[in-house]
Amino acid sequence: MKEQTTWSIILGEDELYLLAGMLQTGSLIGVQDPFLGFLADEVEERLEQAKKSLSDQGYLRERPGEELVLDSGIAAMVKAITSAQRMLVASLSLDRHTSHYLVHFAPDIVVEQAVLPSGVIALAAMRDAQVLKERLEDFFSLSDATETAASTAPLTLSETDFAEVQRLAQENGKALHALLSQRNVPPQAIPALTAALAEGQHMISLTVLYRDEQELRYGENLTWLVGSQGVWHIQPLEQDQAAAVRLTPTTMAKVHQRITQVVATLYREIKL
């Protein structure tokens with residue numbers, strides 16, 4: 001019989017905080033504190049409600065002597081999202097709305113974490129790197145993205161100019177074209193870059209984080225701007241002691257390849 005490659009649960013914020021507190025293995029990342037601003041007795045009441053909800057779902061049971069016992073599978077998932085030493089943060093910015101998707105890589109389990117529109121948290125355990133890659137691509141909305149690349153050399157803009165370019169793309173196409181021309185962007189590159197910026201500014205990124213007891217450290221960071229006339233790899237630069245951005249035309253095939261490489265590397269590091 002083929003082993004199940006994913007297993008998922010949905011938890012409310014109160015429920016997740018209760019479970020994290022029971023395990024005391026680390027801290028939650030990417031989840032707002034649901035008890036901020038509440039009085040102690042109000043917090044206690046909500047935790048009791050969360051405990052009852054978890055018990056009703058079969059995730060939590062009480063043994064004689066009032067000892068609470070947590071389902072082992074859920075315990076492993078919550079332990080992973082509070083203490084895993086490797087994390088992958090996927091970000092999607094589209095139509096001025098940004099959403100995030102976290103994946104925690106523990107030695108014995110990989111768990112994705114996403115906050116749904118209703119505010120509840122979806123957790124899914126995955127053993128298969130290919131399944132995770134496909135879920136990331138779905139999150140990034142890459143199924144209908146272009147396969148072409150703009151025909152131009154890499155472009156470099158100051159961070160200030162890039163921010164202005166992003167603003168003008170939503171407000172004034174003529175001013176955008178003029179600014180890009182003033183910054184010596186090749187004429188053949190302007191239509192592709194303008195299209196990518198004007199089409200909801202579909203920007204995606206992957207960031208690897210390493211967690212220890214003291215801090216979070218940044219690993220690899222990849223960002224792309226996706227448009228109908230090409231995809232652009234965006235890299236921060238330090239140019240003459242000023243922040244700058246390099247935009248390198250690429251293809252969607254190469255984006256898929258880099259996502260595959262990042263996921264495979266993280267799975268390999270935990271030897272799952």
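This is a predicted model: local features need pLDDT of at least 70, side-chain atom pairs count only at pLDDT 80 or more; totals for chains, interfaces and linings use all residues.

Reader: To get my bearings, how many helices and strands does the protein chain have? After that, could you zoom in on helix 1: which of its residues are buried, and what covers them?

Author: The protein chain has 8 helices and 12 strands. Its C-alpha trace spans about 75 × 50 × 35 Å along the principal axes. Of the 272 residues in the chain, 43% are buried. If you take the contacts between residues at least 6 apart in sequence, 64% of them join residues at least 24 apart.

Now for helix 1, which covers residues 13-23. Its buried residues are D14, E15, L16, L18, L19 and A20. The cover over them includes strand 1 (6-11), helix 2, strand 3 (67-70), helix 3 (72-83) and strand 7 (121-126).

Let's pick helix 3 out of that list. The axes of helix 1 and helix 3 come within 10 Å and cross at roughly 85 degrees. Angles from 65 to 115 degrees count as roughly perpendicular, so that is the word for how helix 1 and helix 3 sit relative to each other. On the helix 1 side, the residues that meet helix 3 are L16, L19, A20 and L23. On the helix 3 side you'll find I74, A75, V78, K79, I81 and T82. Sort the residues of this contact by type and you get 8 nonpolar, 1 polar and 1 charged.

Q24 has its positive value although it is not a glycine. You can find Q24 in the loop between helix 1 and helix 2 (40-56). Is Q24 buried or exposed? Its relative accessibility is 68%, so Q24 counts as exposed.

There is another residue of this kind further along the chain. N184 is not a glycine either, and its phi is positive at about 65 degrees. Look for N184 in the loop between helix 6 (173-182) and helix 7 (190-198). With 67% relative accessibility, N184 counts as exposed.

While you're around helix 6, here's a helix pair to set beside the one you asked about. Helix 5 (residues 159-171) and helix 6 have axes 7 Å apart and pack at an angle of about 150 degrees. Angles over 145 degrees count as roughly antiparallel, so helix 5 and helix 6 get that label. Helix 5 brings D161, E164, V165, L168, A169 and E171 to the contact, and helix 6 brings G173, A175, L176, L179 and L180. By type, the residues of this contact divide into 7 nonpolar, 1 polar and 3 charged.

Next, the inside of the protein. The largest nonpolar core has 30 residues, and the ones that touch the most other members are L88, F105, L132, L136 and F140. At least two residues each come from strand 4 (86-94), strand 5, strand 6 (109-115), helix 4, strand 9 (202-211), strand 10 (216-227) and helix 8 (252-270). Helix 8 gives the most to this core, with 8 residues. Where does your helix come in? Apart from this core lies another one, of 26 residues, and L18 is among its members, along with I9, Y59 and A80. L18 is also one of the buried residues of helix 1.

Leaving aside neighbours within four places in sequence, F105 is in contact with A84, Q85, R86, L88, V110, L132, L266, Y267 and I270. Now look at H104, which sits in strand 5 (residues 97-106). Its relative accessibility is 0%, so H104 counts as buried. The side chain of H104 makes a polar contact with the side chain of Q113, at 2.8 Å. Beyond its neighbours within four places, H104 is in contact with residues including A80, I81, V110 and R211.

One last stop is K133, in helix 4 (residues 129-139). K133 has a relative accessible area of 13% and is buried, because buried means under 20%. Apart from neighbours within four places in sequence, K133 is in contact with H256, I259 and T260.

Definitions and conventions:
Residues are numbered from 1 along each chain as its sequence is written. Side-chain values use heavy atoms; hydrogens and water are left out. Helices (H or I, at least four residues) and strands (E, at least two) are DSSP runs, numbered from the N terminus. Buried means under 20% relative accessible area, exposed over 50%, partly exposed in between (1.4 Å probe, protein chains only). A polar contact is a pair of N or O atoms within 3.5 Å; within protein, one must be able to donate a hydrogen and the other to accept it, and residues adjacent in sequence count only if both atoms are side-chain atoms. Contact means heavy atoms within 4.5 Å. A nonpolar core is a set of buried Ala, Val, Leu, Ile, Met, Phe, Trp, Tyr and Cys residues joined through side-chain atoms within 4.5 Å. Axes are lines fitted to C-alpha atoms, for helices over the stretch in contact, and angles run from 0 to 180 degrees between N-to-C directions. Angles under 35 degrees count as roughly parallel, over 145 as roughly antiparallel, 65 to 115 as roughly perpendicular and the rest as oblique. Ala, Val, Leu, Ile, Met, Phe, Trp, Tyr, Cys and Pro count as nonpolar, Asp, Glu, Lys and Arg as charged, and the others, Gly among them, as polar.
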